[in-house]
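This report describes selected local and core features of one protein structure. The sequence and the structure are shown first.

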Amino acid sequence: KKKKNVGIVCNESSGVFAVDLDFYSKDGKEPYDPINNPNHKLFIDKFGKDYIKRFNTYTQITPNGGIHLLFQHEEGLFQTQNEKYKIDKRGGDTNGYIVGFGSKVNGKEYIVKLNQDIKPIPKDLKQFLQEVVFVDTETKITISNKSQKAKVLKSVKNHSIPQNYSP
């Protein structure tokens, strides 16, 4: 009997918010290099090479080498996808999901990297997601609910990066 994959719901009701770091090339043309790639480097410079240890929250590794960092739900975060920085957000004030550990895609399994309680999102990570990734022109707001999307678009329009912010 074929095993089914698992989805982890990310929203206010589940209490889960996920940061999905895809520091690899989905088409295989760009080598996996989260340390030196300029778009990944911004995250690494801000949070360090040992960011998994630093955040100390439940963490998964995807079959392609991506990282799922799970945090407790917090207001003011929205589901987005950013190709430039390869950072997606799942959940927040919107509904989303990530694939859970034990699931397999093309014969490769999602695994638990750090089996810790899901922690609150650190303030500096939340700020980074809101002020760098969220307002980047390449960020796609991946929300199908029209009223939720309108709320997010209004937030984007009124949001600006503070002059003193440095990653």
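At 30% relative accessibility, Asn56 counts as partly exposed, a class that lies between buried (under 20% relative accessible area) and exposed (over 50%), as computed with a 1.4 Å probe on protein chains only. Asn56 belongs to the loop between helix 2 (51–55) and strand 3 (59–61), and its phi is near 50 degrees, a positive value in a residue other than glycine. Helices (H or I, at least four residues) and strands (E, at least two) are DSSP runs, numbered from the N terminus.

Asn106 also has a positive phi, near 55 degrees. Its place is the loop between strand 8 (104–105) and strand 9 (108–109), and with a relative accessible area of 77% Asn106 is exposed. Most residues other than glycine have a negative phi.

## Model and confidence

This is a predicted model, in which local features need pLDDT of at least 70, side-chain atom pairs count only at pLDDT 80 or more, and totals for chains, interfaces and linings use all residues. Residues are numbered from 1 along each chain as its sequence is written, and side-chain values use heavy atoms, without hydrogens and water.

The average pLDDT (the predictor's confidence in each residue, from 0 to 100) is 77, and 69% of the residues score at least 70.

## Nonpolar cores

The largest nonpolar core has 24 residues; such a core is a set of buried Ala, Val, Leu, Ile, Met, Phe, Trp, Tyr and Cys residues joined through side-chain atoms within 4.5 Å. Strand 2 (16–21), helix 1 (38–47), helix 2, strand 4 (67–72) and helix 3 (123–133) each give two or more residues to this core. Apart from it lies another core, of seven residues, including Cys10 and Tyr58.
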